[in-house]
Amino acid sequence: MPQDLESIAKPLRRRRKPKFGSTRQLFARLREALASGHAGLPDIAELVAQGLPADASVIYVARAGEVLEMAATYGLNVSAVGRTRLRVGEGIVGMVAASGDPLNLADAQNHPRYVYRAEVGEENMSAMLAMPVKRAGRILGVIGVMSHEARQYAPVEVEAVATVAMLLAEILVQAGATELPEEGFSGSLPRRYAGHGLAPGIARGAILVYGATPPIARLLTDDPATELERLDLAVEAANKSLDGLISASLPGGNAPREVLEAYRMVAQSSGWLTQVRQAINDGLTAETAVDKVARNLRERMRRIADPYLRERLADIEDMVNRLMVALGGMAPKPECAEGNILLVRRLGPADLLDWHARGIAGVAIEEASPSGHAAILARALGLPALAVDRGAVEAATSGEEALLDAEGETLILRPEPEVIQVYERALQVRSVRAAELATYRDRPSITKDGTAISLMMNVGLALELDQLERNGAEGIGLYRTEIAALAAGGVPDVAGQAAEYSRVLDRARGKKVQFRTLDLGADKLLPGEAAADEENPAMGWRSIRVGLDRPAILRRQLRALLLGAQGRPLSIMFPMVATVEEFRAARDLLEAEIARVRPAPAEIEVGTMIEVPSLLFQLPGLLAEADFVSVGTNDLMQFLFAADRGTPGLADRYDPLSAPVLELIEQLVVACRQAGVPLSICGEAAGGPLEALAFAAVGVTRLSMSGNAILPVKALLVEADLNALRPILRELRRAGAAGGSIREPLAAWAREHNLPV
């Protein structure tokens, strides 16, 4: 055994076997032992075992070569110390070291990965709780407790062992006892993390990890009152910093006071600050208590299957980070992050705007979904974004080289020089391609056979309107009014909304703008708004259903739209309408507001999104009353195929380029043409060049998409001959009538005709 490990493996000379009755007593005993200056690993093992209580405990320490060595034990054979070694990934202890996650097993010896070592003497043990020992996310060892009784350790016991593991990490590093470099296992080797693309693009730069708590210097306290006072001061400071963020980074610059209050409500609604105060009373310092409670909250949220609800943790995560900064347990955000790749666990929309203003080149988020509003905002900002697999935050160190490939769905930490060269060439090709696309900006969007296709933008924030000139869009086919409210943390009053809508129309400079009324609910919850107790929020109480059930909310927005128009032409559409009766009810509310607002708009168009399949069976009645309709492919696809679009495993299972979808779109085209009602497609699918080509071939002449998709779509359409494509597309649809994708053969046809796909 190395000398440095021997020095901390020696037990105290005087053994005491007190019976602890609480976590507070356990931490107090640990604090006393450490203060004596003679505490070693056997003492910690004994104190933990007696404090839970448990019949045995064991501490394994990391060694070079991805090996774990038993360094101390209580209740097992002491002769195994220094002799028993496990590879990372071997046995239960090795599994915990490999995954970085604890295991709480009632019958450990019957676990399929259990490894028997005769010298250890654990034959009579049943239950086992194994906890990783981490420092700044690096695995330095494992601490385990065991019991004869077959039982799972209670949450309070798990939390106590987790806190001891935090303390143990500091002891091991200070003693130089791990024989590892600071980064722990494999910290200098390239690491690849898969994921799902949120916003297209490639970025290379230094990684900037934010939200991973650095090592905490002082874990335990004997003065809870002082720590509680520090917590209260930190909460006040965090609220002030949040107030400054909202005022500085949100569109329009003016955040109503209720915005801050809403964020505070989210931060405190779960009662997590109460749990922090209880942990402080148990003997933890304020920063240790915040970190511990936040870890527990993350683990609970990860066990929730619904991705919509998991995303609600982003606002609490933001407040955790602000508290840790105020307590000195985390460095504040850098003033400049120019060219950095941001790596975080979660990210709310206001925080994304803040980081974008600081100059980040891309963002990787451990817990995010393509349909979440952070992803929508990243696409609107043209910021490469990736939902990366869990573990990246803890494996990375700020300043390390990284490559983010949102289209290849990969994050590479510490890439090899050869890999960097490949991506450098790819970035050069992209730069050339961007210059080529720019030449299409002022060209009319007319296909080779003479079909005019109107290309418009999907917008959620006024700051995106600059792209209207840059990409040559003909107008705004979808203005998501809820995005600004989500970013601001609340729906402004009528005057605030009217001012925002007026600014949008001003900056559109006479180009058409179609405003969609608030689409809140499901994944789009305002801070302070509790998630509904629904098994599938996407099909629950959301969107127009909220507006009709609470007509005051919808009427205020409709009044703001009319006031913001200031006599100019106005287009309004209602989302997630399921029946003609719902459309009539919403339009009646608009008529009531029109009667009271002056000056009235010069012209008003009232339309609806087609997202719910039931509307497809009511087209004659709908088209007799609507001025226009717009297909929202995001929701329509998930309802048509019964596939939750927030579930990563189903993200690519069903393709809009399939016979059922194209058949549906063509039937809509025919019905709308006969009724004389304009039809557009404004879902994400409209922004794919191949999808746009197929939609145009079946008769769609108006497409709305994110700003960065317009030039690639236009470049393909103006070179395409739809008359030549239509018979081919009919054959492909016939061959794919069973529902399969026709993407590959369509792409092959496009390449054969030298189209830029």
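Author: Six cavities of 30 Å³ or more turn up, a cavity being a set of points, on a 1 Å grid over the protein atoms alone, where a 1.4 Å probe fits but cannot get out. Grid points are joined across faces, edges and corners, and a volume is the space filled by probe spheres set on the points. Do keep in mind that this is a predicted model, where local features need pLDDT of at least 70 and side-chain atom pairs count only at pLDDT 80 or more, while totals for chains, interfaces and linings use all residues. Residues are numbered from 1 along each chain as its sequence is written, and side-chain values use heavy atoms, with hydrogens and water left out.

Now to the largest cavity, which holds about 200 Å³ of space. Its lining counts 20 residues, where a lining residue has an atom within 4 Å of a point. Nearest the centre lie Tyr-114, Val-115, Glu-122, Met-128 and Met-146. By class, 15 lining residues are nonpolar, three polar and two charged; here Ala, Val, Leu, Ile, Met, Phe, Trp, Tyr, Cys and Pro count as nonpolar, Asp, Glu, Lys and Arg as charged, and the others, Gly among them, as polar.

Technical notes. On a 1 Å grid over the protein atoms alone, a cavity is a set of points where a 1.4 Å probe fits but cannot get out, and a pocket is an open set with protein on both sides within 12 Å along at least five of seven lines; lining residues have an atom within 4 Å of a point.
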